[in-house]
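Here is a short report on one protein chain. Look at the sequence and the model first, then read on.

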Amino acid sequence: NYSNLGVIPPFQHPSDKVVIPGFARWKRNDRMIYGPYDAVKIWSTTRFENLDEHVQFIKGVRYGFGMHSESFVEYNLLPNIGSKGYQIVEHSHLCFFRVRVDESVWWDDCAVQALKTVAAPFRSRRRKRKIIENILGR
């Protein structure tokens, strides 16, 4: 069971699905994507060319959120990917931690704005600490 080890299972996906994490969902998680090359290419190469259009659009939806990355993903990138026939899927267990140069770990990401299946192993402070220590080999 991968969740007991504090690691993620191998990435597997059908060729018509694009996968994003199911945690830190402030609209949609903007930290990672995997899937077919053509879909991921939209995610990684069209941000700047679509930004002006997005800022104008978002004024009417969430004023002041023109540069909000998660909103940009939700209202621009994912619809563009979906229009090419790809299904967007939130991974039901994938989570990763942000680690800073001072070796601090932001360990609440996996439990905040997360699918229940992602958050469950991270509800307990003791459990989170054990997972992180296991990952770090400490």
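## Starting at Arg47

In which helix is Arg47 found? Arg47 is found in helix H3, residues 47–59. Helices here are DSSP runs of H or I with at least four residues, strands are runs of E with at least two, and both are numbered from the N terminus. The model is predicted: local features need pLDDT of at least 70, side-chain atom pairs count only at pLDDT 80 or more, and totals for chains, interfaces and linings use all residues. Residues are numbered from 1 along each chain as its sequence is written, and side-chain values use heavy atoms, with hydrogens and water left out.

Arg47 has a relative accessible area of 24%, so it is partly exposed. Buried means under 20% relative accessible area, exposed means over 50%, and partly exposed lies in between (1.4 Å probe, protein chains only). Leaving aside neighbours within four places in sequence, Arg47 is in contact with Asp30, Ser69, Phe72 and Leu77. Contact means heavy atoms within 4.5 Å. The side chain of Arg47 also reaches the backbone oxygen of Trp43 at 3.1 Å.

## The whole chain

The chain has 6 helices and 4 strands. Along the sequence they follow the pattern α-β-α-α-α-β-β-β-α-α. Of its 138 residues, 34% count as buried. Among contacts between residues at least 6 apart in sequence, 57% join residues at least 24 apart.

Asp30 is found in the loop between strand S1 (17–21) and helix H2 (37–45). Glu70 lies in helix H4 (residues 69–82). Asp30 touches Glu70, and Arg47 and Ser69 are also among its contacts. The side chain of Asp30 makes a polar contact with the side chain of Ser69 at 2.5 Å. A polar contact is a pair of N or O atoms within 3.5 Å; within protein, one must be able to donate a hydrogen and the other to accept it, and residues adjacent in sequence count only if both atoms are side-chain atoms. The side chain of Glu70 makes such a contact with the side chain of His68 at 3.3 Å.

Asp30 is buried yet has no salt bridge; Arg31, the nearest side chain of opposite charge, is 4.3 Å away. Glu70 is also buried without a salt bridge, and for Glu70 the nearest side chain of opposite charge, Arg31, is 5.3 Å away. Lys and Arg count as positive, Asp and Glu as negative; His and the chain ends are not counted. A salt bridge is a side-chain nitrogen of Lys or Arg within 4 Å of a carboxyl oxygen of Asp or Glu.

## Salt bridges

The whole structure holds 6 salt bridges. One of them joins Arg25 and Glu90 (2.9 Å, N to O). Arg25 lies in the loop between S1 and H2 and Glu90 in strand S2, so the pair ties together parts 65 residues apart in sequence. Arg28 forms a salt bridge with Glu74, the closest N and O atoms being 2.8 Å apart. Arg28 lies in the loop between S1 and H2 and Glu74 in helix H4, so this pair ties together parts 46 residues apart in sequence.

Asp109 pairs with Arg98 in a salt bridge, with the closest N and O atoms 2.6 Å apart. Arg31, Arg98 and Asp109 are linked in a network of salt bridges.

## The disulfide

There is 1 disulfide in the structure. Cys95 and Cys110 form it, with sulfur atoms 1.7 Å apart. The cut-off is a pair of cysteine sulfur atoms within 2.5 Å. The torsion about the S-S bond of Cys95 and Cys110 is about -100°, so the disulfide is left-handed. Both Cys95 and Cys110 are buried.
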